[in-house]
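Read the following alongside the sequence and the model.

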Amino acid sequence: DWLIQLRDVRVAYPGGIEALQRTQLNVAPGEFLVLLGASGAGKSTLLRCLNGLVDATDGTVNVHGLQGGALNPANLRAHRQRCGMVFQQHHLIGRETVLANVLMGCLGRYHALRTLLPWSRSDKLLALEVLDRVGLLEKALVRADTLSGGQQQRVGIARALIQRPTILLADEPVASLDPATAENVMNLLHHICTHDRLTAIVSLHQVALARRYADRIVGLRNGRVVFDGPPAALSHEL
Ligand code: ADP
Ligand code: ADP
């Protein structure tokens, strides 16, 4: 059974750019899939189709048995809660504590008014638990802007985990990190997803990182899938 199914998906942006063309993709539960491609290949667009931020112009996007275009607002909220998002830049609130930044990840579960209420004890305990998992428990009460880039990315991962997602969507999560730190963060992501049996779709432009961590690589070029297979089958020119 597939957790994610894209059938003939096309995405055209205003201005006529075809960001995705006739895209087919099936993802099984628990896969650690890397979307590999250069800037502009369509990786972000594909990830946004999966969490409902972008609607397919043609074709169907099916996640958790919910069909993209047919998601009503209540479904969409539940759907997004199950899709944890990790970005290249998290825009942490620098003057807030690391703990507060992780708690922001709970907002998806609350209505706007809840943001005016103090965080519950159980949410704070959960935030500490996910911070521990990313190795930052001792940083919980420091200001977010005192952290290094790699540490900030780990806060971003914790912020996605606090909503207890079943799918983790990561858009170039290590693109702004130096190679050693990028390796650390990929290692952590892979470890957590494998351990929690999360289904992960991670976009990368670095072939070496894709080869090392992916169960399966989907290569995108100019909005088309040009490769789909295990890392060992990836040809050198891609
Ligand atoms: P990346 O290549 O890492 O996805 P970009 O710099 O291309 O990032 O895009 C950053 C933001 O700008 C994204 O929100 C994207 O949707 C938007 N964007 C990219 N290209 C265009 C464009 N041609 N017109 C309008 N918005 C764009
Ligand atoms: P990637 O993540 O691989 O860099 P994107 O999905 O961000 O690729 O972009 C694919 C193509 O769509 C690019 O040509 C980009 O400029 C364009 N694009 C992305 N977002 C927008 C947008 N909001 N409006 C118009 N064009 C966009």
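H91 sits in the loop between β6 and α3 (98-103); helices (H or I, at least four residues) and strands (E, at least two) are DSSP runs, numbered from the N terminus. Although not a glycine, H91 has a positive phi of about 50°. Its relative accessibility is 68%, so H91 counts as exposed (buried means under 20% relative accessible area, exposed over 50%, partly exposed in between, with a 1.4 Å probe and protein chains only). R22 is another non-glycine residue with a positive phi, of about 40°. R22 belongs to strand β2 (residues 18-27), and it counts as exposed because its relative accessibility is 59%.

This is a predicted model, in which local features need pLDDT of at least 70 and side-chain atom pairs count only at pLDDT 80 or more, while totals for chains, interfaces and linings use all residues. Residues are numbered from 1 along each chain as its sequence is written, chains are lettered from A and ligands numbered from 1 in the order in which they are written, and side-chain values use heavy atoms, with hydrogens and water left out.

Oxygen atoms of ligand 2 lie 2.5 Å from a polar side-chain atom of T45, 2.7 Å from a polar side-chain atom of S44 and 3.0 Å from a backbone N or O atom of G42. Taken alone, ligand 2 exposes 560 Å², and the protein buries 65% of that (Shrake-Rupley method, 1.4 Å probe).

The largest pocket has a volume of about 380 Å³. A pocket is an open set of points on a 1 Å grid over the protein atoms alone, where a 1.4 Å probe fits, with protein on both sides within 12 Å along at least five of seven lines; lining residues have an atom within 4 Å of a point. The volume is the space filled by probe spheres set on the points. Of the 17 lining residues, R80, C83, M85, G105 and Q163 are closest to the centre of the largest pocket. Helix α2 gives the most to this lining, with five residues.

The second largest pocket has a volume of about 170 Å³. Its lining has 13 residues, and L36, G37, A38, L220 and R221 lie nearest its centre.

Methods
A polar contact is a pair of N or O atoms within 3.5 Å; within protein, one must be able to donate a hydrogen and the other to accept it, and residues adjacent in sequence count only if both atoms are side-chain atoms.
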